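Me: Please take a close look at one single part of the model shown below. I would like one connected explanation that goes on from that part to what surrounds it.

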Amino acid sequence: MPRFLSSLLLLCLTFNAHADSYITRLLNKPVPGGVAVIDLGSTTQAPKASYQGKPLLVVKEQNNWLAIVGIPLTVKPGTQQINAGGRTLNFNVGSKKYPEQHITLKNKRQVNPDPADLKRIEAELAEQVRAYRSFSPNIPSNLLLDKPVSGPLSSKFGVRRFFNGEERNPHAGLDFAVPAGTPIKTPAAGKVILIGNYFFNGNTVFVDHGQGFISMFCHMSKIDVKVGQQLARGGVVGKVGSTGRATGPHMHWNVSLNDARVDPAIFIGAFQP
Ligand SMILES: [Zn+2]
């Protein structure tokens, strides 16, 4: 068979495997702030895969390996590439328009921090980015995540936020409107890799679910875990509060893959935010 025909056939097979995959159907939302599920074939060993130089979560479904790629909000629509076992694989990122939200804060320092605050914020950001970039070899207990609290959403992911009229970073997670003191449960098993009390995020816990799949919970009134602690799915990390830059008690939850903050709603089975 001519080579171009066999590669065409291979492409079709790959495409079919994609179309049939349960994980692909549920999680493949290739937009900025979304997730791309990429078929890596059926080698014996899991292929090592990376995107933008960062290692990727690779899981097996039936006989196929799949890379679950987090797409940063800053990525422009168009062709993107991952590296998998020495091969370059293309995927396409579509466009998505996120809405705007206008928030008024009485504490002006939380909009325009003073120089001492900025120094603190910079150090805290570096610490949190290090946590997001950590990569452990374990396989996540579940890819479809549980809601950490049950309650309505007060803010969706990706919303462009204006504080007192000034645009700041887009909303990198989901906000749930729940009363102070509500227990926050980890949406998958994991290890506590960082806790802190941060200028913007307040009392914060990072849970590593495995292979760069990481949750962050913030604005907590109380932290109930220690760094290094292993949590079973549903284990309590702490209580809802309003510490840091918050207008009232709520639970803010980030989900990160390969150091890209993505929409947590994608991972919550039948949940419609
Ligand atoms: Zn939030």
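Reply: Contact here means heavy atoms within 4.5 Å, and helices (H or I, at least four residues) and strands (E, at least two) are DSSP runs numbered from the N terminus. The model is predicted, so local features need pLDDT of at least 70 and side-chain atom pairs count only at pLDDT 80 or more, while totals for chains, interfaces and linings use all residues. Residues are numbered from 1 along each chain as its sequence is written, and side-chain values use heavy atoms, with hydrogens and water left out.

The part to look at is helix H3, which runs through residues 115-132 and has 18 residues. From its first C-alpha to its last it reaches 26 Å, close to the 26 Å expected at 1.5 Å a residue, where the expected span is 1.5 Å times one less than the number of residues. Within H3, Asp117, Ile121, Glu124, Gln128, Ala131 and Tyr132 are buried, a word that stands for under 20% relative accessible area, with exposed being over 50% and partly exposed in between (1.4 Å probe, protein chains only). An α-helix has 3.6 residues a turn, so residues three or four places apart point the same way. On the other side of H3, Pro115, Ala116, Lys119, Glu122 and Arg130 are exposed. The cover over the buried residues of H3 includes strands S14 (190-198), S15 (202-210), S16 (213-220), S20 (251-257) and S21 (260-262).

Histidine 171 lies in the loop between strand S11 (166-167) and strand S12 (174-176) and histidine 252 in strand S20, so the pair ties together parts that are 81 residues apart in sequence. Both histidine 171 and histidine 252 are buried.

Charged side chains deserve attention as well. A salt bridge is a side-chain nitrogen of Lys or Arg within 4 Å of a carboxyl oxygen of Asp or Glu, and by this rule the count comes to twelve. In one of them the side chains of arginine 261 and aspartate 259 meet, at 3.0 Å from N to O, and aspartate 259 is buried, with a relative accessible area of 10%. Salt bridges that share partners join Lys54, Arg133, Asp259 and Arg261 into one network. Elsewhere, glutamate 166 forms a salt bridge with arginine 168, with the closest N and O atoms 2.9 Å apart. Glutamate 166 counts as partly exposed at 32% relative accessibility, and arginine 168 counts as partly exposed at 26%.
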